[in-house]
Amino acid sequence: MANIKSAKKRILVTQTKTERNKSIRSKVKTSIKKVETAVAAKNADEAKAALPVAISEINKATTKGIYHKNNAARKVSRLTKAVNSIA
């Protein structure tokens, strides 16, 4: 355990950021999973409805620094390609 005041603060700040990042990552994964399940079920309407939500969540996570921009672009591209393949 840290003895120095600044080190103790860093531990608390890191914990807070970690929890925030986890919740945002979880949101992104859930929205991606909704699109993927709709694609797997060949449900074009549901997939097209879930896609903008997923893209929005991914972009929000990117602006908050949780995902690298190229990683986010890759995720969006793959989802869009999957939805277009069943359309």
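Leu51 sits in helix H2 of this predicted model, where helices are DSSP runs of H or I with at least four residues, strands are runs of E with at least two, and both are numbered from the N terminus. Residues are numbered from 1 along each chain as its sequence is written, and side-chain values use heavy atoms, with hydrogens and water left out.

**Leu51 and its surroundings**

- Leaving aside residues up to four places away in sequence, Leu51 touches Val35, Leu79, Thr80 and Val83, a contact meaning heavy atoms within 4.5 Å.
- Val76 is 25 residues from Leu51 in sequence, and the C-alpha atoms of the two are 8.8 Å apart in space.

**Helix H2**

- H2 covers residues 44-63, and its 20 residues reach 29 Å from the first C-alpha to the last, close to the 28 Å expected at 1.5 Å a residue; the expected span is 1.5 Å times one less than the number of residues in the helix.
- At Ala50 the helix has a kink of about 25°, shortly before the proline Pro52, where the bend at a residue is the angle between axes fitted to the seven residues ending there and the seven starting there.
- The buried residues of H2 are Ala47, Ala50, Leu51, Ala54, Glu57, Ile58, Ala61 and Thr62, and what covers them includes helix H1 (5-40) and helix H3 (69-86).
- Thr62, which also lies in H2, is buried at a relative accessible area of 19%.
- The side chain of Thr62 reaches the backbone oxygen of Ile58 at 2.8 Å, while its contacts, not counting residues up to four places away in sequence, are with Tyr67, His68, Lys69 and Ala72.

**Helices H1 and H3**

- H1 has 36 residues and reaches 52 Å from its first C-alpha to its last, close to the 52 Å expected at 1.5 Å a residue.
- In H1 the buried residues are Ile24, Val28, Ser31, Ile32, Val35, Ala38 and Val39, and the buried residues of this helix pack against H2 and H3.
- Asn84 has its place in H3 and is exposed, with a relative accessible area of 51%.
- The C-alpha atoms of Asn84 and Lys48 are separated by 8.8 Å, although the two residues are 36 residues apart along the chain.

**Loops between the helices**

- Lys42 is found in the loop between H1 and H2, and it counts as exposed at 63% relative accessibility.
- Although Lys42 is not a glycine, it has a positive phi of about 60°; most residues other than glycine have a negative phi.
- Gly65, in the loop between H2 and H3, follows H2 with a positive phi near 85°.
- At 59% relative accessibility Gly65 counts as exposed, and it is 29 residues from Glu36 in sequence and 24 Å from Glu36 in space, C-alpha to C-alpha.

**The protein as a whole**

- Taken along the principal axes, the C-alpha atoms fill a box of roughly 60 × 20 × 15 Å.
- Of the 87 residues, 26% count as buried, and among contacts with a separation of 6 or more, residues 24 or more positions apart account for 61%.
- The accessible surface comes to about 6,300 Å², of which 54% belongs to carbon and sulfur atoms; accessible areas come from the Shrake-Rupley method with a 1.4 Å probe, and for residues only the protein chains shown count as cover.

Conventions: This is a predicted model: local features need pLDDT of at least 70, side-chain atom pairs count only at pLDDT 80 or more; totals for chains, interfaces and linings use all residues. Buried means under 20% relative accessible area, exposed over 50%, partly exposed in between (1.4 Å probe, protein chains only). A polar contact is a pair of N or O atoms within 3.5 Å; within protein, one must be able to donate a hydrogen and the other to accept it, and residues adjacent in sequence count only if both atoms are side-chain atoms.
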